[in-house]
Amino acid sequence: MSGNQPGVRDRRTAPHGRQRLSLDIERVLDVSARQAIRAEFRYDPALPLTVSVEFLVEGGPRVLWRIGRDLLQEGLYTMSGLGDVQMWPSSLEEGATARLQLASGDMAALFELPIPPLAAWLEHTYSLVPPGQELAGVDWDVTTADLLHGPAPSE
């Protein structure tokens, strides 16, 4: 863990400018039972609206979710999201945590994440692709043609 960001194992830039953050988080099983889990957050400026989160359970399967970057940011400070993905702060004091709830069908999981390292990491992603600029580089003519006719064959 890093000295001033508890729960942070590793932060580095992956290939092609992708940003990564590894956090030790907890899955909340009930009021008094928790399970330690590693969460790998990845942000790719080429896909600026989402953050990929891979949950790694020791001896268990890897589970990948794609979550809206704005939903994560908002969820650090207030209730955010509807339906399958929701996030909210559990407290805003020193060492604050947020709750992330993920649901699929009749299954749901609740996680507790440290706010300070996640907030700093998300802030960095917004320095790479500022809010409101996520779709600035989209060629809408090509995108529309792809949607209507499929992508052009590669040569």
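Student: Which side chain makes a polar contact with Glu-134?
Tutor: The side chain of Arg-69, at 2.9 Å. A polar contact is a pair of N or O atoms within 3.5 Å; within protein, one must be able to donate a hydrogen and the other to accept it, and residues adjacent in sequence count only if both atoms are side-chain atoms.

Student: What are these coordinates based on?
Tutor: This is a predicted model: local features need pLDDT of at least 70, side-chain atom pairs count only at pLDDT 80 or more, and totals for chains, interfaces and linings use all residues. Residues are numbered from 1 along each chain as its sequence is written, and side-chain values use heavy atoms, with hydrogens and water left out.

Student: Back to Glu-134. Which backbone nitrogen lies 2.9 Å from a polar atom of its side chain?
Tutor: That of Gly-132.

Student: And where does Glu-134 sit?
Tutor: In the loop between α2 (115–128) and α3 (140–149). Helices (H or I, at least four residues) and strands (E, at least two) are DSSP runs, numbered from the N terminus.

Student: Is Glu-134 buried or exposed?
Tutor: Buried, because its relative accessibility is 12%. Buried means under 20% relative accessible area, exposed over 50%, partly exposed in between (1.4 Å probe, protein chains only).

Student: What is Glu-134 in contact with, beyond four places in sequence?
Tutor: Pro-48, Leu-49, Arg-69, Asp-70, Tyr-126 and Val-129. Contact means heavy atoms within 4.5 Å.

Student: New topic: strands. Why is β4 called largely enclosed?
Tutor: Six of the seven residues of β4 (residues 50–56) are buried, so the rest of the structure largely encloses this strand.

Student: How does β4 pair with β3?
Tutor: Antiparallel, over five bridges, with β3 spanning residues 34–43. Two strands pair if DSSP finds at least two bridges between them. Arg-38 has Leu-56 in β4 as its bridge partner. A hairpin of six residues joins β3 to β4.

Student: And how many bridges link β4 and β5?
Tutor: Seven, again antiparallel, with β5 at residues 62–68. Ser-52 has Arg-66 in β5 as its bridge partner.

Student: Which residue takes a positive phi in the hairpin of β4 and β5?
Tutor: Gly-59, near 75°. Five residues lie between the strands there.

Student: Zoom out. What's the overall pattern along the sequence?
Tutor: β-β-β-β-β-α-β-β-β-α-α. That gives three helices and eight strands.

Student: How much of the protein counts as buried?
Tutor: Of its 155 residues, 37%.
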